[in-house]
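Hi,

Here is the structure I promised to pass on to you. Have a look at it first, and then read on for what turned up.

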Amino acid sequence: MKNNQFAVLGATAKFLEPRPVGQLYFPSWERYEAAMRGIFERRYYTNQGPAAQNLEKILQQHLNVKHAICVTNGTIGLMMAAEALELTGKVILPSFTFVASAQSLSWAGIEPVFCDVDPNTFQIDIDHLDSLIDDDVSAIMGVNLWGGACDPKKLESYAASRGLKVYFDSAQAFGCEVDGKKIGGFGELEVFSFHATKIISGTEGGCITTNNDEIAARLRNIRSGYGAGEVVEVVKTSNGRMSEAQAAIASMSLSDFSINQRNNESLFRKYQSGLANIPGISLVEPKGVSASNYQYGVCQIDELKFGMTRDLLITVLEAENIIARRYFYPGVHRTVQYKSLSDNRIPLPVTDMLCNTSLQLPLGAMVDADDVGEICNLISNIQYSASELTAELQAKSKCA
Ligand SMILES: *Cc1c(COP(=O)(O)O)cnc(C)c1O
């Protein structure tokens, strides 16, 4: 049997330990320990303490924005944003995004309206917006996807021309730039995630950035009364505070940003050359940015050219301990929460296509250049044997 080189058919897995997707950059133990000792000695766990205040200050400098408001996680940041912007009725957002973008609107009692994405950039298709706008729409949420950007300037001027607010889910875009301007300063506000899978991590965490003093004051009061500064009236409050431990870890992550960004970029380039000559697989280059965090190694699989389905490829890779992922799957418009939505009758063909063809490969602290080289060689071998391997696996699943 020629295919016995593959773990899915019984060979030893290429990697002894799983290679997950996700950034998972950790600071050195010495720095980690010192940061935690500081918290221990100060006896200050939360309520906008010195570590949280410091993180906000350095984020403002790094992103060149007036206000950075740190929060528990990106999802809560998006929920707070919907309240702070006093959104009503409906909000338009791209259908090709993480569920949290839409869920944040549902939590605020707003109906999400899904807009398809551009087949070339995979970002919100601005030309599609006109057909979705009615009197109930109060805003547009842009999403900056996969280390690329959704043309925030064009979206700003489009929204202004229609009298709508625009803000951004920039959870995946920390450190990216558009024409030399850092993401973080566009629209009414932007929301970042500091989840473990993102380039800046506070274990969990996030921040909202804005240049608008009034929105910032509202956000601080929605986050909680602690560290609110001036008290302004808000309709709802919550607990969206970032703990000192989160803030201390996120600060170390921020000081490592350039090193981690460069590491991501070199791994990305390694994938680019390693996958270049394999039929049916193409790595998605971040588009619409003058600088990217290269946080994602996402590929498009053309099943016919590759000779195997995307999902079977994932199964084959998983057996080798390469934990590749479908991304996003199912599409947010097809999740139980939204599949019966009234506006969801509008077809979203590009999103549907992407949900069925996208594959995320490991990129971040858990892989090195040699690993990426090996992953590419393996994918090349899988492609070479794709039809035979598919047949064998189908036969095997029939026997089982
Ligand atoms: C990660 C992510 C979020 C959610 O952020 P959390 O910090 O995990 O809550 C929202 N939107 C997008 C596009 C994301 O990638």
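Let me start with a pair of helices: helix 1 (residues 29-42) packs against helix 7 (residues 244-255) at an angle of about 150°, and their axes lie 10 Å apart. Please keep in mind that this is a predicted model. The crossing of helix 1 and helix 7 is right-handed.

On the helix 1 side, the contact is made by Arg31, Tyr32, Ala35, Met36, Ile39 and Arg42. Their partners in helix 7 are Glu244, Ala245, Ala248, Ile249, Met252 and Ser255. Taken by residue type, this contact between helix 1 and helix 7 has eight nonpolar residues, one polar and three charged.

Next, the cavities. How many of 30 Å³ or more are there? The count is two.

The largest cavity has a volume of about 40 Å³. Its lining draws on several parts of the sequence: Val21, Gly22 and Gln23, then Thr197, then Gln295, Tyr296 and Gly297, and finally Gln360, Leu361 and Leu363.

Around it you will find Thr121, Gln123, Leu145, Trp146 and Gly148, along with Val284, Glu285, Pro286 and Lys287. The lining of this second largest cavity does include charged residues, two of them, beside four nonpolar and three polar ones.

Enjoy browsing the model, and write back whenever you like.

Best wishes

Technical notes
Residues numbered from 1 in each chain as written. Predicted model: local features only at pLDDT ≥ 70, side-chain atom pairs only at ≥ 80, totals over all residues. Heavy atoms only, no water. 1 Å grid on protein atoms, 1.4 Å probe; cavity = no way out; pocket = protein on both sides within 12 Å on 5 of 7 lines; lining within 4 Å. Points joined across faces, edges and corners; volume = space filled by probe spheres on them. Nonpolar A, V, L, I, M, F, W, Y, C, P; charged D, E, K, R; others polar. Axes fitted to C-alpha atoms, helices over the stretch in contact; angles between N-to-C directions. Helix = DSSP H or I, 4+ residues; strand = E, 2+ residues; numbered from the N terminus. Left-handed = near helix turned anticlockwise from the far one by under 90°. Contact = heavy atoms within 4.5 Å.
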